[in-house]
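The sequence and structure come first.

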Amino acid sequence: MAGPLCQGWGLGVALRSRAALRPLGLLAPPARGVLGPAAGSGTAAGSGEAALEENPFYGKYRHKIQELRRSNPDVFESRMEKRSEMKKQPVGHSKQGEFIRCMEEKAEGLGSKTSKGGFTKDKTLDSILNVEMVKEKSAEEITQIWNQYFSAKDTVYAVIPADKFDLMWKRAQKCPSFLYALPRKEGYEFFVGQWSGTELHFTSLINVQTQGETAPSLLVLYHYPDLQKEKGIVLMTAEMDSKFLVVHDAQCLASQVQLFYATDRSETYGLVETFNHRSSEFKYMAVIAELEQSGLGRELTPGQASDKS
């Protein structure tokens, strides 16, 4: 059943389980090994790998990390050394430049590569909707059709006002990457979001740290501006890798895109600008604070947050 998550254009989510939706809370302290300094003083690959295994989310990505270690041990060791160096920096001041570059390089090839994780290559609005037929309908009628179609599917979706998407799109051109946080039982799991055209690709921060430019997309938000000028709306839907994310996770990440890219509050969007253009000044905890201030997480405690294992 679809239901709005927050104010604005109204983000919908469909769940076959019909589980009740509740705002996500951000009350737990950061999980050890996610943000803090690496354990021990060594910088060797072995020490980096040991510290990596202390990350409470390591188990989710163990297979992919071990696969990289087997297939290209030199690259794996190099990444572990770089990760150890980065984790020595103070909390909230880790440089994001390398993460952004990796994601940008990956995004450049998305148009010519087949997506992994079951994602649809070159997903168009015509593959979902008869665009010519709906052009005869009003924006309200199209919104109703869109919502009804996706209400029975395990995904998130939205109908975004044209002016809001214009604001998001202009900002995405200047600031194509950002760091998002998901509340977990252990604390927070961070995700990097990277715009590629009108698609927004997400992967976990631990994936970027260990796999660099080969980090796989775990969630893709598809935005369709086909009807933007004529009807004043932009349609959005998503695909995700269900091995790593559940629908509530995708809903939370999509809501944060609205929070950070469509906001009228300069301090909130300022975090996005800092992440992209002054990465040495970026603070992880500022993202958490902004989420708490927005009211997205008033009612759900960290212990109730989903954690797809």
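## Lysine 243 and aspartate 241

In this predicted model, lysine 243 and aspartate 241 form a salt bridge through their side chains, with an N to O distance of 3.1 Å. The two partners fall into opposite accessibility classes. Lysine 243 has a relative accessible area of 54% and is exposed, because the cut-off for that class is over 50%. Aspartate 241, at 6% relative accessible area, is buried, because that class covers values under 20%.

## Glutamate 239 and lysine 123

A salt bridge also joins glutamate 239 to lysine 123, and the closest N and O atoms of this pair lie 3.4 Å apart.

Glutamate 239 has 14% relative accessibility and counts as buried. Lysine 123 is buried as well, at a relative accessible area of 18%.

Aspartate 249 and arginine 184 meet side chain to side chain in a salt bridge of 3.1 Å, N to O. Here too the pair links distant parts of the chain, with aspartate 249 in helix H10 (residues 247-261) and arginine 184 in strand E3 (residues 177-184), 65 residues apart. Both aspartate 249 and arginine 184 are buried.

This pair is part of a network of salt bridges that links Arg184, Glu189 and Asp249.

## Total

The structure has eight salt bridges, among them the lysine 243 to aspartate 241 pair.

Technical notes:
Residues are numbered from 1 along each chain as its sequence is written. This is a predicted model: local features need pLDDT of at least 70, side-chain atom pairs count only at pLDDT 80 or more; totals for chains, interfaces and linings use all residues. Side-chain values use heavy atoms; hydrogens and water are left out. A salt bridge is a side-chain nitrogen of Lys or Arg within 4 Å of a carboxyl oxygen of Asp or Glu. Buried means under 20% relative accessible area, exposed over 50%, partly exposed in between (1.4 Å probe, protein chains only). Helices (H or I, at least four residues) and strands (E, at least two) are DSSP runs, numbered from the N terminus.
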